[in-house]
Amino acid sequence: MKLSELFENAPEIEIKGLCTDSRKVQQDDMYFCMEGMTFDGHQFVESAIEKGAICIVHSKDIESMHKGIAYIKVEDVNRTLNRVASKFYNHPSHQLKVFGVTGTNGKSTITSIIRDVYSHFHPCGYIGTISISYGDVTLPPNLTTPDPIIIHKSMREMIDHGMEAVALEVSSHGLELGRVQSVDFDIAVFTNLTYDHLDFHGTFENYFEAKHKLFLQLKGQGIAIINIDDPYANRIVEGCKARVVTYGVHANAEYRACNIQIGTNGSQFQLAHEGNLYEVTTNLVAMYNIYNLLGAIAAICEAGIALEEVLPYLNSLTQIEGRMERIDEGQPFNVIVDFAHTPDGLEKVFEFAKNITPDGNAIISVFGSAGKRDTKKRKVFGEIADRYCDSIILTEDDPRDEDAKEIASEIKSGIKDTNNIFIEDRYAAIRQAIESANANDTVLILGKGDEVFMYREFGREPWIGDHNAARHVIRKYCLGIEE
C-alpha cells in the first residue's frame with residue numbers, strides 16, 4: 001500500500017508491512033515507535049532503519065534523520081497504529097461478525113464455544129489465549145489480546161480463508177493498552193469481575209475501568225451481553241450505546257438457567273427465554289461453565305441463530321484443553337486440569353471438586369503462583385485451598401526471577417489446617433499428587449492448564465503441559481504402561 005494512502009501529503013512510497021518491534025523489521029516496513037512499560041521504541045529507530053524500515057512513525061523528536069526515510073510525527077503513536085493497521089489490511093473487522101469477550105474468568109471458554117457452535121452456521125475464527133485459529137489453521141498464541149497489527153492481519157487472513165466471523169478474547173491489558181481501539185465489535189460479552197491483575201492496574205477500580213472501555217467503545221448497532229448476576233453488571237454498561245441483553249442464574253435474565261443438574265461428565269438445565277423453557281444438555285461441568293455456556297448461547301442467538309438450532313450442538317462441545325479438563329486414562333480417581341489462576345477461579349474449581357468427591361474421600365491440589373505478578377493474592381490462594389482441600393502440594397508456576405520456594409511460603413501463610421508440602425519441580429509435584437490418590441479421590445492440577453512453556457529468569461522454556469504430565473504419570477506410574 002502507498003504511504004500516501006495512509007497519511008495525507010505523504011510521499012508516494014510503497015509500504016510492505018507494519019512493525020512495532022525493531023528486531024522484526026523487514027525491508028520497506030513502517031516502524032511505529034511504541035512506548036512500553038520497559039522500553040521506548042524511539043530508542044531503536046536506527047536499528048529499525050538498518051533492518052529496512054522505510055517509514056518511521058514517532059511522537060518524540062528524532063535527532064538524526066536519514067535521507068530517503070519518511071518520518072511522520074504524530075501525537076499518539078498507538079492511536080495512529082490502530083488506524084493504520086485497520087486500513088492497511090482493508091478494515092477486516094468491518095467485514096466480519098466480531099464477538100468480543102471480556103471479564104476476569106471465562107473468556108477462553110466462551111470464545112471457544114462461540115467459535116465451535118457458530119461455525120456450524122457461519123465459519124468463525126478465534127483469537128485468544130489458546131491460539132489464533134481459523135478453518136484448518138492453528139497458530140501459537142501471542143498474547144491473550146495481541147497488538148493491532150496481529151489482530152487486523154489475522155482477521156484479513158481469516159477472511160481470505162473464508163471466515164465470516166471471529167471470536168476475540170479481550171483482556172484488561174489489551175483494553176488499557178489500546179490494542180482494540182480500531183476493532184469494530186458487533187457483540188461484546190461481559191463474564192464477571194473479580195480480583196486479578198492489580199499488579200498492572202494498581203487498583204480494582206482501574207481494573208474495572210479497563211474492562212468498561214470495551215462497552216463504551218461498542219457501537220450503537222452492537223449488542224452488549226452481560227452476566228446480570230455479577231455485582232458489576234449494571235456499572236459495566238453505563239454509558240454503553242448498544243442494546244443490552246442479560247444472562248444469569250439467580251436474577252430474572254433474558255437467558256436464564258434454572259433446574260440445574262451438574263454431574264461429573266455433563267450437566268442439564270432448563271433455559272428460560274422469551275417465556276419458553278428449553279431443555280439443555282451439555283458435556284460441560286461446574287456451575288461457572290453454566291454461566292459460560294449461557295453467555296455463549298446469548299451471543300450466538302443474538303447474532304441471528306435461532307435457539308432451537310443451537311441446542312443440538314451443546315451436547316458435544318469441543319473439549320478445551322486445560323479448562324476443566326478431565327484426565328481419564330482408566331484410573332479409579334478424578335484428575336482435573338484447569339487454568340484457574342485467580343482467587344475466584346480457584347474457589348470455583350474447588351467447589352466443583354467438593355460436589356463430585358464422595359464424603360470420606362480426599363481433594364488433593366497442586367498449584368503455585370506466578371512470579372513477578374500480583375503478590376497479594378498468594379496468601380488468599382492458601383486460605384481458599386485450606387477451606388476445601390485435604391492435601392496441598394505447592395510447586396512452581398512461571399517463577400520468572402523469583403524463588404519458587406519463597407512464593408510457596410507466601411501461599412503457605414494462608415494455610416492453617418491442611419497438610420501441605422512444597423515440591424519445586426512441577427512434574428514431580430503432579431506425580432506425588434497422583435500417586436497419593438486413592439479410589440474416588442479428586443486430584444486438581446491448577447494454574448497452567450494446557451500451557452507448554454514455563455517462564456523463568458532467562459525467559460520461556462518448554463514445559464510438557466499439566467494435561468500431558470498428568471496423562472504420562474497415570475499411565476507410567478499408576479497403570480504401568482511404558483511409552
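Okay, quick definition to start: buried means under 20% relative accessible area, exposed means over 50%, and partly exposed is in between, using a 1.4 Å probe and protein chains only. What we have here is a predicted model, where local features need pLDDT of at least 70, side-chain atom pairs count only at pLDDT 80 or more, and totals for chains, interfaces and linings use all residues. Residues are numbered from 1 along each chain as its sequence is written, and side-chain values use heavy atoms, with hydrogens and water left out.

Aromatics, then. Rings of Phe, Tyr and Trp (the six-membered ring for Trp) pair if their centres lie within 6.5 Å; planes under 30 degrees apart are stacked, over 60 edge-to-face, and the rest tilted. Searching the whole structure turns up 11 aromatic pairs. One of them is F99 with Y118, edge-to-face, at 5.2 Å centre to centre and 75 degrees between the planes. F99 sits in strand β5 (residues 97-102) and Y118 in helix α4 (residues 107-118), so this pair ties together parts 19 residues apart in sequence. On the element names: helices (H or I, at least four residues) and strands (E, at least two) are DSSP runs, numbered from the N terminus. F99 is buried at 1% relative accessible area, and Y118 is buried too, at 4%.

Now F350 and Y388: their ring centres are 5.8 Å apart with the planes at 25 degrees, so that pair is stacked. F350 belongs to helix α12 (residues 343-356) and Y388 to helix α13 (residues 377-388), so the pair links parts 38 residues apart in sequence. Buried or exposed, F350 and Y388? Both are buried. There's also one aromatic cluster made of F204, Y207, F208 and Y232.

On to charges. A salt bridge here is a side-chain nitrogen of Lys or Arg within 4 Å of a carboxyl oxygen of Asp or Glu. The whole structure has 27 salt bridges. Take R235 and E209, whose closest N and O atoms are 3.9 Å apart. R235 is in helix α9 (residues 233-236) and E209 in helix α8 (residues 204-217), so the bridge ties together parts 26 residues apart in sequence. R235 is partly exposed at 29%, and E209 likewise counts as partly exposed, at 32%.

Last one: E435 and R431 meet in a salt bridge at 3.0 Å, N to O. Both lie in helix α15 (residues 426-435), 4 residues apart, about one turn of the helix. And salt bridges that share partners join E325, E329, R471 and R475 into one network.
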